[in-house]
Amino acid sequence: MVNLSRKFSTIPLNLIPKQFSQYHQQQQIQPRRTQPFIPFSQLQNQRNLLESQLISTLNACTSLPQIKQTHVHILRRGFEQCCYILTKLVRTLARMEIPMDDYAKLVFDQVQYPNPFLWTALIRGYCLQGLVKESVFVYGCMRRESASPVSFTFSALFKVCGAVFDVNLGRQIHAQTILIGGFGSDLHVNNSLIEMYVKLGCLGCGRKVFDELPERDLISWTELIVAYAKIGNMESAGELFGQFPLKDMIAWTAMVTGYAQNGKPREALEFFERMQNEGVEPDDVTLVGVISACAQLGAAKYANWVRGVAENLGFDPTRDIVVGSALIDMYSKCGSVEDAYKVFEAMEQRNVFSYSSMIAGFAMHGAAYEALELFHEMVRKGIKPNKVTFIGVLTACTHSGMVEEGRQIFAAMEEEFGVSPGVDHYACMVDLLGRAGCLEEALNLAETLPVEANGGVWGALLGACRVYANPDVAQIAANHLFELEPNAIGNYILLSNIYASAGRWNDVLMVRKLMRKKGLRKNPACSWLEVKKGVIHEFYAGDMTHPRSSEMKQVLEDLLSRLKAIGYQPNMSSVVYDVNDEDKRRILMTHSEKLALAFGLLSISADCPVTIMKNTRICEDCHSFMCGVSQITGRVIIIRDNLRFHHFHGGKCSCGNFW
């Protein structure tokens, strides 16, 4: 190589400066080592491998010191301008919730030519930390620097708009996707856009985006189906579900839980059966929705069936606290608090949710002492009660008239357990005082609450006024309810009933006129019960079209004769219509729960209780009637109305006439 260098040298030897001559001689003695040639592709592979190692290291970082150590390696390896690695660094800092301005922004500012992904990482970091103005400002800088946004840029911005409920900003960002162009068919952007509009309550806008999509994926379909189900628009949810070509578990679950949450248990169970027939395996959320539907229906057949399904799918209630707690609630609402307690006892682990479910179950069945004992047990075991627990305990006191116990527990909420009473707890206290006849104290509490009273507070007071026939306090409570719940027909009916009981027929006419003016209609009272083979029969007030109506009428007439012999007299005040006494008697005898009772006595064996579910509150006359029937027949009658369970046995009710 030395000889070749002499041949191709363009500098004469005699012209070489003296100071370099010695060096030249040394080079002749010790030739310079040459570096081996490395192909560019191999260098690139080495660089890619190093990048991959640094990315993996960043993924594994769990603390700020680890991130800083990795950052040092990035700088030493000469990657201080590598947007790919720095994007991951910024995203890791955001994931660790390190303030963006303290670190990530400083890293970003050192980059001469940030690419769209690095810009997006910074925007996304600000979005995750709820810094809306900063994220929008960075987006503006990005546009001024002529950097083109990518789909992740807009999805991050849409997400933060939904998080802070800023629909105007969301629409402006939406406009940016149109102005820039190229995102009309981007599923990631449009799904984020649908999610934002749904979260902001603009379901119509979300549907318009969906309808204009050239193609849709699972997320597009399920996002809207879930949204419709949440607002109770099951018709639109069902329409979309029917058009959905590839229904996944999430879509099926949305339909099942949607129907269950919107008071349509039969439809929920129907969809669950279809889901099973399609071979789609449910998860625990689906099962909780089905269990909720069974609880609403109150049918033992479905309760046992869904428990078997849960166990077959591996959701053993003894080990799965979520499913176990849901089953406790279901059995309680199906009228079998004994079965609920068996599930509770069999659970290997119990937490505040399982205890709260069981306490609520005892409360709705009037088993106040059992509810209080369970409450004290959970406290002894170190399980801290939550707000739901206290609602259950206070409800138990309310349903059994345990005023002093209720006062003590309410006082202990914040003093001993650090749980601040909410409006629902105050509603329980108003209900407790009102049912005990302390109407003035209940009214004073409702008017001086430290939180704003809701319909539950005034509704509890109005209900107490019916029990104690106090139309004056009832008028005060009703006036508040008419402002808070102007279209809730039950409040108008209850006030009308109170006026009717007091003989104030002019006031009754005034309330009915107000109902007609608002176009309010009473939901028909309905009762249902389960007979042989799990068949459910429904009965509506005044409806005598059942195939066995003539037999049911005869049963009721016989019962009435026997009841009169022991002193029963129909309670005419339970009829709200201004008609003669004969018509009132006829109306009372065709109340839905009486029709259901007659059919139950004909169809259910004498050794089994007659369990009836009702969609409205049981009236005073039907309550007295059921007490009497349980006495003269020796049958156990269980009725679940919209407030609680009533267990009639031997002429008495478990509620002790507190309901």
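**Cores**

I started with the largest nonpolar core, which has 177 residues. A nonpolar core here is a set of buried Ala, Val, Leu, Ile, Met, Phe, Trp, Tyr and Cys residues joined through side-chain atoms within 4.5 Å. Buried means under 20% relative accessible area, exposed over 50%, and partly exposed in between, with a 1.4 Å probe and protein chains only. M330 and L461 have the most contacts inside this core. Helix α29 (residues 489–501) gives the most to the core, with eight residues. Apart from it I found another core, of 33 residues, among them M552, L556, I604 and C622.

I noted the ground rules next. This is a predicted model, in which local features need pLDDT of at least 70 and side-chain atom pairs count only at pLDDT 80 or more, while totals for chains, interfaces and linings use all residues. Residues are numbered from 1 along each chain as its sequence is written, and side-chain values use heavy atoms, with hydrogens and water left out.

Which residues does L461 contact, leaving aside its neighbours within four places in sequence? I listed V430, L439, A442, L443, V473 and A477. Contact means heavy atoms within 4.5 Å.

**Helix α18**

I turned to α18, residues 300–312. Helices (H or I, at least four residues) and strands (E, at least two) are DSSP runs, numbered from the N terminus. Helix α18 has 13 residues and reaches 18 Å from its first C-alpha to its last. That is close to the 18 Å expected at 1.5 Å a residue; the expected span is 1.5 Å times one less than the number of residues.

Which residues of α18 are buried? I found A303, V306, V309 and A310. They cover an arc of only 130 degrees around the axis, so they sit on the same side of α18. The arc is that of the directions from the helix axis to the C-beta atoms. The buried residues of α18 pack against α16 (265–277), α17 (284–297) and α19 (321–333). Just after α18, G314 takes a positive phi of about 95 degrees.

**The sheet**

I traced six strands in an open sheet, in the order β2-β1-β3-β4-β5-β6, with mixed pairing. Two strands pair if DSSP finds at least two bridges between them. The edge strands are β2 (536–540) and β6 (652–653), each pairing on one side only.

Four of its five residues are buried, so β3 is largely enclosed by the rest of the structure. Strand β1 (residues 526–530) runs antiparallel to β3, joined by three bridges. Across that pairing, W528 stands opposite M613 and S527 stands opposite K614. Strand β4 (residues 637–640) runs parallel to β3, joined by four bridges. There T611 stands opposite I638. The chain crosses from β3 through helix α34 (residues 620–633) to β4, in a right-handed β-α-β crossover. Right-handed means that, with the strands pointing away from the viewer, the path from the first strand over the helix to the second runs clockwise.

**Two loop residues**

I checked E97, in the loop between α5 (83–95) and α6 (104–109). E97 has a positive phi of about 60 degrees although it is not a glycine. Is E97 buried or exposed? E97 counts as exposed, at 65% relative accessibility.

I then checked S146, in the loop between α8 (132–144) and α9 (151–163). S146 is not a glycine either, and its phi is positive, near 65 degrees. At 64% relative accessibility, S146 counts as exposed.
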